[in-house]
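Hi everyone, thanks for coming. Let me put today's structure up on the screen, and then we can walk through it together.

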Amino acid sequence: MKKIWVALIPLAVFIILVALLFVNLSTHNEVLPSPLIGKPIPAFEHQTLYSNQTITHEDFKGEPWLLNVFGSWCPSCQYEHPLVTALANSGRIKVIGLNWKDEASDADQWLKRWGNPYHEILVDYEGDTAINLGVYGAPETFLIDATGTIVYKISGVLTQKNISQELLPLIDKISL
Amino acid sequence: MIASIGQFLLILSLVTAVVLMLVPMTGYFQNNERMMRTARPLSYLLFTLTLTTFLLLVSLFVLQDFSVTYVWQHSSLALPLRYRITATWGAHEGSVLMWVTVQALWIAAVARYSRSLSLSQVSRVLSVLGVIATGFLAFVLFASNPFEITNPAPLDGRDLNPLLQDFGMIIHPPMLYFGYVGLSVAFSLAVAALIGGQIDEKWIRWSRRWTNLAWAFLTVGIILGSWWAYYELGWGGWWFWDPVENASFLPWLAATALIHVQAVSERKNAFRGWTVLLAIIAFSLCVLGTFLVRSGSITSVHSFAADPFRGIFILVLLAIYAGGALTLYALRVNQLRSRDNINLESRETMLLANSLIFITSTFTILLGTLFPMIFDAMGKKISVGEPYFGLMFFLLMIPMAVLMPLGAQLKWHKDQMSTAIKALTPHFFIAAALTTAAYFFFDTLNLRATAGVFGGFWIASTSVAQIIKFPGKPNAGFVGMSVAHLGVAVFLFGMSMTEHKDIEKDILMQPGQTSTVGGYDFTFNGVTQVSIENYQAQQGSIQVSKNGHDIVELNPQKRFYPKQQQPMTEADIHPGLTKDIYVSLGEQINQEGDWAVRIYLKPFIRWMWFGGLMMMAGAVIALFNRRNKRQERQQVDHVMKERLGIS
């Protein structure tokens, strides 16, 4: 009889292990929350792509805005392009593009071909602001409120789903 | 079109695996020979189907069919052909398909090379392998289908991760999979034995060959991974205790314990339950490793795009395989009761001690790997790294190194500890003398390096003596063991030297400047821009010389892959028997062309991998061990005598 208990030990250890893995899987937040959420947007100063002026983080204060990191080299940016366009055209929020690690001529061609949805395009060819924002791949999208605080971040492409379920409710909330 | 055929074949494979899982096993329980006979043909069919599916996926990459999501996500028009082929297993979906294909290959091999087993044994083993294949095929089909279509198809793909555009990457995963999956054979055998309620020497001997082969593959896979990390990641390290590295190391440790215990249980009716349990643990750790890598529970350079559904899926598979096997173990293990007594002063005891050391190491490293997850579950973030693993492993390997020669020295069945120790004593002094010499020759060694070097000499010296003194003609088993043990010695020496006597310098260099590191002169001749295949690179030129004699010109690169927007550091290495000269580019500091340059001197680093290859060679040599009839009869006589109490 005693032997059966000994034989049960491996199974018991294993059950504890699986329970731990399961708990971890359900609590583990796979979308690493950007440490910048709730913090002011890092200071920047950038040339714009078309209007030939220099814009800083101060210039957008007063109303919420969306910062969309893109590049002409990035197929996923092209994928989300119609959605960005629709969002900008809806007039619910100002959409600013951050043209990241690109060439001005390529970016221009890309925007001419697919259309330019952006209210303004910042040029970050050195990638400085992208580094400060913790960008690790295009596209990424940041929602910033009227005081210049980062409210939300989406890594990867925008989709109908994350726009309607995540972005729009937040935009409504901070626009009040 | 090809994608649809692939999809269809995948479904057919799953159906075949389900039939393989059910029919022969039912045949076993109903004692229906016709049903049991289906096991072998079904195995061959399963292999044919999965291999064809896999080749179809390869052809999609070669033909650059960007309507397939997996293809455009991981290749591009500019990607050279050889990397288009390897991109097939460069990411999650394809690599799981490869896993299944390799497993089907093992199933077919088991079906082919199992003539020495009875039909009821073969049908059970193949059925259990069918259970595993079914689970993973379902995983491919429902949670990671590589044949998914994107409509409309993009014009160009995203390109393969530059880190994976490399020769080491081409062969590292397949080797590891061969090892991982090979352990499923030992696992199936253990489960089949538990189902039948009995296991005999012949069966263990048969399974031992498969375990040895799987272990050899696993060893090569790990060495390749280490080598790849060394030259590709650009920081000159060779092992990082990264969770995914641990995931491959854990089954290796458990399998090492297993092959040593099998050496006993194939000879004697002893340690039967322990053998079965170790086989279950070893394969369960493979599945656990897969879970850790694929679920996104941990963050690591190896983690593929995380997906909780996949995590749950693999966790369920793990629960079914390991949970089922361990339940069966709890119910049946007492039927496998070992009847032979083991003498305390014998090789058997030493091999048991070996398995305990290795299984303790396994759980120590498993705990370290899981600790961050335990804390994560409590809402804290911690990371466990080199200091914990390095120290624990060092401490656990001390008894291993001390006892290994003793185990090899003691005879089977019954011997005297004092005689064995007496025979080994001279080698203790030889090793001590050599270590002292090394201490002064290499201009002092720290504690861990001294211990490691001593361990290396101690094992080498005793192994050589045991080879010289071996009575009669050495059999393959003995040669294999000696080669593998000498490999451990070589590894220990190389590792201790690399870890503790390396030189790492980060220097700011102006074009034309010469710096001296470790007796070598490094002249920096500036950086030029080059454009190769699908990347551009800044290529440095560094002339290495010693006492005015030119040795080599090294050309480390800072690569940039436009598609992936990813910079990559490609080190250039001048390999050598006693020393690697390793140069990589840091960052450009200013417009005058000054660069931060990393110069590493890595003594004896090749010895480490060479030692690993020797261990692998040992396992392969041992495959050719044929125990002749006479020996076997002698052994039976010996065991019978012991049982009857005459000696």
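Of the 647 residues in chain B, 51% are buried, where buried means that 20 or more other C-beta atoms, placed from the backbone, lie within 10 Å of the residue's own. Please keep in mind that this is a predicted model: local features need pLDDT of at least 70, side-chain atom pairs count only at pLDDT 80 or more, and totals for chains, interfaces and linings use all residues. Residues are numbered from 1 along each chain as its sequence is written, while chains are lettered from A and ligands numbered from 1 in the order in which they are written.

Now the overall build. Chain B has 19 helices and 10 strands; these are DSSP runs numbered from the N terminus, with helices being H or I of at least four residues and strands E of at least two. Its radius of gyration is 27 Å, close to the 26 Å from the globule rule for 647 residues, so chain B is as compact as a globular protein of that length. That radius is taken over C-alpha atoms, and the rule is 2.2 Å times the number of residues to the power 0.38.

Let's zoom in on one sheet. In chain B, four strands make an open, antiparallel sheet in the order β1-β10-β9-β8; strands pair if DSSP finds at least two bridges between them. At the edges sit β1 (503-509) and β8 (572-574) of chain B, each pairing on one side only. Which residue in β9(B) does B:Asp572 stand opposite? B:Asp572 faces B:Val583 there.

Conventions:
Buried ≥ 20, exposed ≤ 12 C-beta atoms within 10 Å, placed from the backbone.
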